[in-house]
Each structure stands twice: as C-alpha cells, then as structure tokens.
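Visitor: Please put the chain on the screen. I have some questions about how it is laid out.

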Amino acid sequence: MKHVITRYLKPLVIWLLQGVLSAAFVLLFAFLLVEWATGCGESYTDSKGKVHTNECVHHTIYDTIKKGTN
C-alpha cells in the first residue's frame, strides 16, 4: 500500500502545489499590471493648475468592501 501512495499520490500532490503556486504568481502579476496600467500613485497637473491624482485599484477594492460592511 505504501508503494501505491508513493507512486501515485506524491506526484499528484506535487502537481497540485505547482498549479497553486503558478496561479498565485499569475494573479499577483495581473494585479500589479492593473495597478501599473491605472497609474497608481501618479499625478498630473491640468492646464488650470489643478493637480489630479490617479487612484489605486487596491484602495478602490478596500473602499468598496468597507462601504458594504457598514
């Protein structure tokens, strides 16, 4: 029985862990890409001299969750 567990279960667990880690890195990269694309932390000054700051996605998500719990 131990041979069966070692032969079939161990590769399955390794394969699942690799999939979970790969998915985590892909989601992290996608989140960072969205933050960069929205201009998180950047600002610009218009022709009237007013400064506009770009919002970060993680602040928007946090604010949406916070409003939903109140």
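Visitor: How far apart do the centres of the positive and negative side chains lie?
Guide: This is a predicted model. Its chain carries 7 positive side chains and 5 negative ones. Between the centres of these two sets the distance is 19 Å.

Visitor: In what pattern do the helices and strands follow along the sequence?
Guide: The chain contains 2 helices and 2 strands. Read along the sequence, their pattern is α-β-β-α.

Visitor: What is the radius of gyration of the chain, and what does the globule rule give?
Guide: Along the principal axes, the C-alpha atoms fill a box of roughly 75 × 30 × 10 Å. For 70 residues the globule rule gives 11 Å, and the chain is well over that, so it is more spread out than a compact globule. The radius of gyration is 22 Å, against 11 Å from the rule.

Visitor: What share of the residues counts as buried?
Guide: The accessible surface of the chain is about 6,500 Å², with 69% of it belonging to carbon and sulfur atoms. To count as buried, a residue must have under 20% relative accessible area. Of the 70 residues, the buried share is 4%.

Visitor: Which helix gives the most to the nonpolar patch?
Guide: Leu21, Phe25, Leu28, Phe31, Leu32, Ile61 and Ile65 make a nonpolar surface patch of about 700 Å². Two elements give two or more residues to this patch: helix 1 (2–37) and helix 2 (57–69). With 5 residues, the one that gives the most is helix 1.

Visitor: Is leucine 32 buried, partly exposed or exposed?
Guide: Leucine 32 lies in helix 1. Because its relative accessibility is 48%, leucine 32 counts as partly exposed.

Technical notes
Residues numbered from 1 in each chain as written. Predicted model: local features only at pLDDT ≥ 70, side-chain atom pairs only at ≥ 80, totals over all residues. Heavy atoms only, no water. Patch = residues over 30% accessible without salt bridge, like charges linked within 9 Å, V, L, I, M, F, W, Y side chains within 5 Å. Areas by Shrake-Rupley, 256 points an atom, 1.4 Å probe, with all protein chains shown as cover. Salt bridge = Lys/Arg side-chain N within 4 Å of Asp/Glu carboxyl O. Helix = DSSP H or I, 4+ residues; strand = E, 2+ residues; numbered from the N terminus. Buried < 20%, exposed > 50% of the residue type's maximum accessible area, 1.4 Å probe, protein only. Rg over C-alpha atoms; globule rule 2.2 N^0.38 Å. Lys, Arg positive; Asp, Glu negative; His and termini not counted. Charge placed at Lys NZ, Arg CZ, Asp CG, Glu CD.
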